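Here is a short report on aromatic contacts. Start with the sequence and the structure below.

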Amino acid sequence: MSLVAACAAGARASLLSSSPSSTSRPWPALAHHSRAYRSLVSPAASRGGRRSTRLLVRAARLESTGVSVGFRAPQFELPEPLTRKIWTLDDFEGSPALLVMFICNHCPFVIHLKKDIAKLTSFYMEKGLASVAISSNSVLTHPQDGPEFMAKEAKLFKYPFPYLYDESQEVAKDFRAVCTPEFYLFKKDGRRPFELFYHGQFDDSRPSNNVPVTGRDLSRAIDCALSGQELPFDQKPSVGCSIKWHK
């Protein structure tokens, strides 16, 4: 199965360090959204005057867009399947910078980076960075992204950050997230709210381009955020699978 097929199968397009004590709460109710599709024509099927075969394929590959530097981190209150704890934005208020990542279990673009995401965040969390990952994919179409499997994933890859479940998808919409992986690096000065500092790619590596995974772009951004410097480079959008919205 090709990368695009693996990423697109069953997908829906998008249009648009301490742990506090917490209590377990029920999962939020499901929200529903309309589907959007893209129809593709196979060139091979249309050669020689033959009747073309049109395949209905759900759009999958997207770039992170929609928010600008200075965007304030939205409030959230989400469960961590591994521990059943509830996390909020306020739990990270004591940190000078916060990395919010929208990821999932199945997306090839995320799979390509998982080990390095764990390594990079572990390194910078020791330097004061707060990190959290969120999965907002619909389990109606992608049960492998559900909370039970998220807990297994967090254990398997030894995620040093909480991996939270956004069942209602409201948090993804508040962040204007569209793809996985998508990285939001916020920084704060004193009592000021977290404000977006970097919204770009992990690095230039993709599952099929043979470029080594280095985390260069994100690590440079974190270095600047923690040291109070401005970004010395242009931000490139993250590229990945579309978030799988409910019907």
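## A stacked pair

This is a predicted model. Phe92 has a relative accessibility of 3% and counts as buried, because the cut-off for buried is under 20%. Trp87 is buried too, at 6% relative accessible area.

The rings of Trp87 and Phe92 pair up. Their centres lie 5.5 Å apart.

## An edge-to-face pair

Phe102 and Tyr184 make an edge-to-face pair. Here the figures are 5.8 Å centre to centre and 70 degrees between the planes.

Phe102 is buried, with 0% relative accessible area. Tyr184 is buried, also with a value of 0%.

## Cluster and charge

Phe102 and Tyr184 belong to one aromatic cluster, together with Phe175 and Phe186. The structure holds 13 aromatic pairs.

The charged end of Lys188 sits over the ring of Phe194. The distance to the ring centre is 5.6 Å.

## The whole chain

The chain has 247 residues, and 49% of them are buried. Its secondary structure consists of six helices and 12 strands.

The accessible surface is about 12,100 Å². Carbon and sulfur atoms account for 51% of that surface.

Notes
Residues are numbered from 1 along each chain as its sequence is written. This is a predicted model: local features need pLDDT of at least 70, side-chain atom pairs count only at pLDDT 80 or more; totals for chains, interfaces and linings use all residues. Side-chain values use heavy atoms; hydrogens and water are left out. Helices (H or I, at least four residues) and strands (E, at least two) are DSSP runs, numbered from the N terminus. Buried means under 20% relative accessible area, exposed over 50%, partly exposed in between (1.4 Å probe, protein chains only). Accessible areas come from the Shrake-Rupley method with a 1.4 Å probe; for residues, only the protein chains shown count as cover. Rings of Phe, Tyr and Trp (its six-membered ring) pair if their centres lie within 6.5 Å; planes under 30 degrees apart count as stacked, over 60 as edge-to-face and the rest as tilted. A charge sits over a ring if NZ of Lys or CZ of Arg is within 6 Å of the ring centre and within 35 degrees of the ring normal.
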